[in-house]
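Here is a short walk through one protein chain.

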Amino acid sequence: MKTDIKSLTLEQLNHAVKELSLPAFRAKQIFKWLHEIGCTSFDEMTNLSKELRNKLSENYYISRCDIEDKYVSSIDDTVKYLFRLTDGEFIESVVMKYSYGYTICVSSQVGCKMGCTFCASTLAGFTRNLTPGEIESQIHTAQSDLGIRISRIVMMGIGEPLDNFENVLDFLNNVNNENGLNISMRNITISTCGVVDRIYDLMDKNLQLTLTISLHAPNDEIRSRTMPVNKRYPIDTLLKACREYGEHTGRRVSFEYTLIKDINDSEQDAQELSQRLKGSLCHVNLIPVNDVKERCNVRSSKETIIKFCNVLKRNGINATIRRTLGADINASCGQLRHLKRGDMNENSR
């Protein structure tokens, strides 16, 4: 079995080069081809001899994401990609344009096992983790296709990033490396539904990224009904980990809260959420639930959403209402899908 060379960190690549009896400087050359340039073939590494390229191809392969389909929003220029992986599996990624530049929302797994009741990513089940190289290839393919430079990454696509912890760490190491994409940790956001053990592991790494928690409920009763992970990690346990994470890293934790009509959007829910978050260094991002045809969730009214936000603010909680992007191409929060071979017709355009 060949190894995905794009998934190796520079430190690991240095070791690999040594095992192949190559000069040490080759590791940085190869790393730059893979991560700064984003090549998909060893033949592209023109400053390496043909003999060396053949030796690399005998021992390694380069992971890639090929564009199976592409959807461009007519509303806000958001672009959604359906990527085909080397083994024929599919993932989706989204590129969003802001005044400060381009942000990409990447997937970390093929499918998701978390079972949240407002999300399309979990409908077809879980297949496997993405390698660090496959996560990064989403960025390279999108940049190449659009002719842009992506400066920010949000890990909010298909999958639970902290359920693929070691691969995600290696991905972060590689995209942050000055010999690669050189994206600052402060420009990277990881979203988790609340895998508490891994939040503590991430805290120990003391990375200066933004941690976002998919909270979506003010109490255990509602959260357990909509997010099965809460049965293992109840809200109080999760919020304790978040407080400790913020204190240890000095980074403000963000909370995503999807508003669903008659489920979690009452004034009482807003008051209860305010009490739970009181005294925390945090920000609440309110998200009107997006349509997933297999679900029966109804979006809260604009008036209800504004009222909910105002209750949080009156109680001293920093809160904003997220702008919906890519709604006409099913590229908004909770709409990315795990498509299987033969399911292409299910990917709504």
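The accessible surface of the chain comes to about 15,300 Å² (Shrake-Rupley method, 1.4 Å probe). Carbon and sulfur atoms account for 46% of that surface. The model is predicted: local features need pLDDT of at least 70, side-chain atom pairs count only at pLDDT 80 or more, and totals for chains, interfaces and linings use all residues. Residues are numbered from 1 along each chain as its sequence is written, and side-chain values use heavy atoms, with hydrogens and water left out.

Of the 349 residues, 55% count as buried, that is, under 20% relative accessible area with a 1.4 Å probe, protein chains only. The C-alpha atoms fill a box of roughly 70 × 45 × 35 Å along the principal axes. Within the chain are 10 helices and 14 strands (DSSP runs: H or I, at least four residues; E, at least two).

Now the rings. A pair of aromatic rings is described by the distance of the centres and the angle of the planes. Rings of Phe, Tyr and Trp (its six-membered ring) pair if their centres lie within 6.5 Å; planes under 30 degrees apart are stacked, over 60 edge-to-face, the rest tilted. The whole structure holds three aromatic pairs. One of them is stacked: tyrosine 81 and phenylalanine 83, 5.2 Å centre to centre with 10° between the planes. Both residues are buried.

Tyrosine 257 and phenylalanine 308 form a tilted pair, at 5.1 Å and 35°. Tyrosine 257 sits in strand β12 (residues 253–259) and phenylalanine 308 in helix α10 (residues 302–314), so the pair ties together parts 51 residues apart in sequence. Tyrosine 257 counts as buried because its relative accessibility is 1%. Phenylalanine 308 is buried too, with a relative accessible area of 1%.

Methods: Buried means under 20% relative accessible area, exposed over 50%, partly exposed in between (1.4 Å probe, protein chains only).
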